[in-house]
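The sequence and structure are shown first.

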Amino acid sequence: MRSHIMSQRVIKSFSARTSVRAAIGTAVLAAGACTQALKLAPDDSKSVLATQAITAPNPGLPGTFRVKTMYYGSGTDKRRPEFKDSVTLKTTAVDGSAFVSIAGDAGKTHDKFWGFTLKKMPLNGRVWYPEGDGPFPLVLVVHGNHTPDDYSDPGYRYLGEQLASHGFILVSIDENFINGLSGENDGRGWLLLKHLERWKKWNDSTGSPFLGKVDMHQIALMGHSRGGEAIAHAAAFNRLSHYPDDAKVTFNFNFDIKALVAIAPVDGQYKPATVFVPLENVNYLVVHGSHDGDVSSFGGLRQFQRLKFTDGQPWFKSAWYVYRANHGQWNQVWGNKDNGPRSGRSLDLRGLITPDEQREFGKVVITAFLESTLKARQEYLPMFRDHRTAGAWLPKTMYITRFQANGFTPVAVFDEDVDVTTGASPGVKISGDSLGTWKESGLTLRGGANDVLNTNAVTLGWNNMVAGKDTAKRGKPASYTITLPDSLIRAIGVSTRSAFCFSLAPLDAKPGPRSPPRDTTKKDSTAKKDSTEKPPAPPKEKAKPDTFPIDLTIEITDAAGVSASVPIRRYGIPRRPLEVRIMRRAVQEQQRFPNKFEVVLQSYSIPLADLVSLAPSLDVTTLRSVRFVFDRAVWGTVQIDDIGIWVNANPAFFAARVP
Amino acid sequence: MKRLLIASTLAILAERSAAQTTKHGPLALRLPASARAQAMGDIAVAGRDDDVIFYNPAQLVVARGTSISFARTAPEVRGGTMSTVLRLGSGGLGVGVNYLEYRAAYGVYPITRDEVIATPADRPPGSSAAATLGFAQAFRGFRIGVSASYAADEVGLDRFRNVAADAGLARDFGRFTTALAVQHLGPALRNKGSLLLNGSDVKPPMKATLGFGWSAPAGPLDLTATAAVSAMREGHVSPGVGAEAAWSWLSGYSVSARAGFRYPRGIDDAWYSGGFGIVADRVALDVAAEFLKNDRVAYRAGFRLR
């Protein structure tokens, strides 16, 4: 009897254990099923980056200067010895309470942790600088928001060592003490300017180790994440006499800030008078990773769009979308888990490029940009016009790049009215032929309708197939024509030094085939045919995404009717949308992102001289029309913006070309 | 016939005097009501699941979801709960039902869980049920909640009904939640001639509980700890602690282990309890085991939808 009871207990126990194991197994299986398969867009980097057209030294390699380091700061920091006992230069605190505030208990906690209030913000910086007499350009880099006690400022060591070896002074600014706050982004920018005041003083002061070593006329501000927005505020405050939110606070900075570098920036956290902070007359570089798990939309493109060149100086702006790069790997402290140490539970990290690759990209592009903008080195300029010219230097992933330089005259930017047949200047006429889609609408980021770029673009779709049994039948290629008035061409002075520019992104939409042309020789022939033919059957299964390459032709015509045309692929890589999956779970991906991909337009600059070389009788000074001819792909849809003419294009941008 | 009636009455009274351990009821008001809480010492005064309606109505402000649980304490003692919470602005509205069926000892009322567990299977059936409606609102950082329960015990042919109210207060301090609940306030169940009540009134099992909840990440785990001390109308003071360690490998999925310890108040409670939970997206499975006297184990399995 006892053994029977025992056996029953064993059976029950076994049954219970089996049930528990089954439950856990089911949960694990369910979880596994809910994890998205790793899916990346087909990589074409081997072919796209196969060329190294620029012959200058690789800017990603260390330079020739010996690198030295030092710290400056309060000398009283209770948390970090480098800003306490290790400071070479002591700084006095600044009162940032007009820009940053913390209420209640949070303020007490802050003050207790850091040992100072927001009225006594320290000016702490870690400096990498070249050995030598200088003067050296000055670059400040500021981190973004992160866990305050996981100090972010050491995370740009790779840039510090790299840039100092190339003859730049790089200062990584400590703003950890305002991390974790909100409504503080203007304060982040203001602090940068207070640091510049110190540097001006040290550069001018006898006895300072930096006396005469700093080129205060060649200054760049670099910022990551919230810091990427803050640099724009700093550039704006630098030219203002009063703080927009409180005119009692006056400014008198006026530094020669020549360049801004925004790394995966946020945008719009600080909006004085509810407008985005305007940006003008500065060189600008923005980089953003497609797999950014924190700032998941390329919001820096809004800064890129806002930046205006109005003073005739040779400014340019450049945007890089880096496929498979994330948010945190730009900083050596932050790592690859963009939403905190536990975000590996939610973020799919499998698709990321390695931290070294991501930072290698940063070193190449940022060094080249600063060499170009602060030292006026011309040899790196082509890579900002067409990144393929630096194919051997860039880590092997896919890039989409935007570019625009001062001298760009817009012809069609789709923002001025709701008439799709008019352009940006009086007299510009637009027409379409055989287009399946033609509309103007706002550009949005991955977040969809609530994540807008504040600029419009035209969407053009075409399908050159003709409906019917003969699937090989093609109609005349669809086209989109911009007719330019003679007065405009003469006024802006178009010449063979000019370039035709636009930005374009293929989409994944496929318009239906066009209707066959009516046979006008027979009365009502189509109606009769229609009445006897069955309508086309609906597709039986979900269509597979198209894989054939997208390309199209740009055709330029002068007043005499002479034309020349080139494929756009010669000037940039047109790619189908790069699908991005950031989250491990499909349901979370869908909840967070209405769009599977970020629409990032690729910029194309086509020198008119190229067209003249194809048709020597073409007179570009009498340019009459530009036609987008959709003759190189049977169907497709593209979004196009910023169509215009770069009148006096700097030839250095074209000194290296992809064959 | 008269002899038979006298004999029966004597038998009932004899069994009652031997078994009865409480003067408070209905039983439904003192039953565990949550698989997760039961595994953690039956402490949920600072809980955030929907079944917190049975422990502290103030927490309805932050509670969410719908849950159902099934309990088996002995072959003849089975029951279940159902609860749900609806968020209303900065407040929350909750509804819950707790039910238990058992075999009732002759002539014993009010009864305890210990008593129904020990009752032989040949005794008449009994049942206890409570239906609770609660509302809570956030106010200046505090959460304030009230609930009302209608409870009924059915023992043999007798039926005993009463109403009781709960009031709760809670506030977060960083990772800590502090909560206070006063439960089962209400009038005594008046004796209206039932032999079982023996001429005395049955007061609700009022109790006051002060508790804390805390949760924080620790390495790869998410830890939750809770502690509470309850003062019962019977005069007992019953402290307890509970803990949970959860491991998540994918956002929305986790497995957890739980344990609880409570200094028993003399009736109904166990010293130890334990259990585990599995969360798969919006569904959670919780299993609890409460180690009662005489090597008995009370099991409860619950499903939560969030």
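A:Asn281 is found in the loop between β9 (257–263) and β10 (283–289) of chain A; here helices (H or I, at least four residues) and strands (E, at least two) are DSSP runs, numbered from the N terminus. A:Asn281 is not a glycine, yet its phi is positive, at about 50°. It counts as partly exposed because it has 17 C-beta neighbours inside 10 Å. The scale behind that word calls a residue buried if 20 or more other C-beta atoms lie within 10 Å of its own, exposed if 12 or fewer, and partly exposed in between, with C-beta atoms placed from the backbone.

The model is predicted: local features need pLDDT of at least 70, side-chain atom pairs count only at pLDDT 80 or more, and totals for chains, interfaces and linings use all residues. Residues are numbered from 1 along each chain as its sequence is written, while chains are lettered from A and ligands numbered from 1 in the order in which they are written.

A positive phi, of about 60°, also occurs at B:His184, which is not a glycine either. B:His184 belongs to strand β7 (residues 176–185) of chain B and counts as buried because 25 C-beta neighbours lie inside 10 Å. Another backbone feature is the cis peptide bond between A:Gly134 and A:Pro135, with omega about 0°. A:Pro135 sits in the loop between β3 (125–130) and β4 (136–142) of chain A.

The two chains can be set side by side. Contacts in the table are pairs of residues whose C-beta atoms, placed from the backbone, lie within 7 Å.

| Property | Chain A | Chain B |
|---|---|---|
| Secondary structure | 13 helices, 23 strands | 3 helices, 14 strands |
| Buried residues | 46% of 659 residues | 48% of 306 residues |
| Contacts joining residues at least 24 apart, among contacts between residues at least 6 apart in sequence | 79% | 55% |

The C-alpha trace of chain A spans about 105 × 95 × 45 Å along its principal axes. Its radius of gyration is 29 Å, which agrees with the value near 26 Å that a compact globule of 659 residues would have. That radius is taken over C-alpha atoms, and the globule rule is 2.2 Å times the number of residues to the power 0.38.

Chain A is assigned domain 1 (48–405) and domain 2 (408–516 + 547–654), with bounds that come from an automatic or database domain assignment. The C-alpha centres of these two domains of chain A lie 34 Å apart. Their contact takes 30 residues from domain 1 of chain A and 32 residues from domain 2 of chain A. On the domain 1 side, α7 (300–306), α9 (382–385) and β12 (399–405) of chain A each supply at least two residues. The most comes from β12(A), with 6 residues. By class, this side of domain 1 of chain A has 13 nonpolar, 11 polar and 6 charged residues; Ala, Val, Leu, Ile, Met, Phe, Trp, Tyr, Cys and Pro count as nonpolar, Asp, Glu, Lys and Arg as charged, and the others, Gly among them, as polar.

A:Gly391 lies in the loop between α9 and β12 of chain A. A:Gly391 counts as buried because it has 20 C-beta neighbours inside 10 Å. Which residues does A:Gly391 contact, leaving aside its neighbours within four places in sequence? They are A:Leu49, A:Ala50, A:Thr51 and A:Gln52. A:Ser47 is 344 residues from A:Gly391 in sequence, and their C-alpha atoms are 9.3 Å apart in space.

Methods. Two residues are in contact if their C-beta atoms, placed from the backbone, lie within 7 Å.
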